[in-house]
Amino acid sequence: MKLTIVEYPDKRLRQKSSEVKVFDEKLHKLLDAMYPIMMNTNGIGLAAIQVAKPIRALILNIPDEDGEQPPENLLEIINPVITKQDGETVYQEGCLSVPKFYEDIKRFETVSINYQDRDGNTKTLDADGLLAIAIQHEMDHLEGILFIDKLSYARRKKFEKEYKRMQKERKNS
């Protein structure tokens with residue numbers, strides 16, 4: 001399965017993703033194909049919508065203390081629902097769909113989610129730290145929300161200007 005990352009300002013990133021109802025080989029192949037793309041682009045999370053598949057599926061692999069992302073740490077999260085959220089934290093986020101741009105974003109410090117795995121089994125996950133932030137970031141993608149949407153008006157205008165300049169430089173090189 002050949003997948004590529006959809007980049008801002010592509011309108012497909014604004015689509016709301018549909019609930020996954022069939023947990024079959026097609027879903028498994030998509031999840032399997034998403035993993036190397038995420039790893040090869042130095043990502044820690046990837047939502048299916050970011051590879052032009054508007055379904056409520058995402059993968060995460062948070063680096064361990066050594067900065068490694070062993071395959072056994074991979075989380076495949078289908079149809080996630082936040083059941084509890086608490087606290088507040090600010091973290092400098094980036095996004096594979098908005099390359100080379102990082103910004104401080106306010107998120108909940110801890111979240112609990114219910115979700116399904118690749119086989120449709122229901123699971124619960126309590127998360128804090130970077131995992132909680134990554135879950136919220138990827139779940140936003142499922143709603144068509146990008147982290148840049150959370151910026152203040154002034155910061156968003158500055159981002160638009162910087163991003164246009166970066167796109168121009170990329171095109172010229």
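Guide: Before we start, buried means under 20% relative accessible area and exposed means over 50%, with partly exposed in between (1.4 Å probe, protein chains only). This is a predicted model, where local features need pLDDT of at least 70, side-chain atom pairs count only at pLDDT 80 or more, and totals for chains, interfaces and linings use all residues. Residues are numbered from 1 along each chain as its sequence is written, and side-chain values use heavy atoms, leaving out hydrogens and water.

Visitor: Okay. Is Phe-159 buried or exposed?

Guide: Phe-159 is buried, because its relative accessible area is 0%. Phe-159 sits in helix H3, residues 153-172. Helices here are DSSP runs of H or I with at least four residues, strands are runs of E with at least two, and both are numbered from the N terminus.

Visitor: What is Phe-159 in contact with?

Guide: Setting aside neighbours within four places in sequence, Phe-159 is in contact (heavy atoms within 4.5 Å) with Tyr-8, Val-98, Phe-101, Ile-148 and Leu-151. Take Phe-101: Phe-159 and Phe-101 are 58 residues apart in sequence, while their C-alpha atoms are 8.3 Å apart in space.

Visitor: And the rest of H3, which residues are buried there?

Guide: Arg-155, Phe-159, Glu-160, Tyr-163 and Met-166. They are on the same side of H3, because they cover an arc of only 140° around the axis; the arc is taken from the directions from the helix axis to the C-beta atoms. An α-helix has 3.6 residues a turn, so residues three or four places apart point the same way.

Visitor: What does that side pack against?

Guide: Strand E5 (98-107) is what the buried residues of H3 pack against. The face turned away carries exposed residues, among them Lys-161, Lys-164 and Lys-168.

Visitor: Switching to the sheet. What's the strand order?

Guide: E1-E2-E3-E6-E7, in an open sheet of five strands with antiparallel pairing. Two strands count as paired if DSSP finds at least two bridges between them. The edges are E1 (45-47) and E7 (122-128), each pairing on one side only. Ignoring direction, neighbouring strands are turned by 40° against each other on average. Axes are lines fitted to C-alpha atoms, for helices over the stretch in contact, and angles run from 0 to 180 degrees between N-to-C directions.

Visitor: How many bridges between E6 and E7?

Guide: Seven, with E6 covering residues 110-116. As an example, Asn-114 has Thr-124 in E7 as its bridge partner.

Visitor: Which strands does H1 touch?

Guide: H1 (residues 25-40) packs on the sheet and touches E1, E2 (57-60) and E3 (75-86), with its direction at about 40° to that of E2. Helix H2 (residues 129-142) also packs on the sheet, touching E1, E2, E3, E6 and E7, and its direction makes about 120° with that of E7.

Visitor: Last one, Glu-76 in E3. Which side chain does it make a polar contact with?

Guide: Arg-118, at 2.8 Å. A polar contact is a pair of N or O atoms within 3.5 Å; within protein, one must be able to donate a hydrogen and the other to accept it, and residues adjacent in sequence count only if both atoms are side-chain atoms. Glu-76 is buried, with a relative accessible area of 17%.
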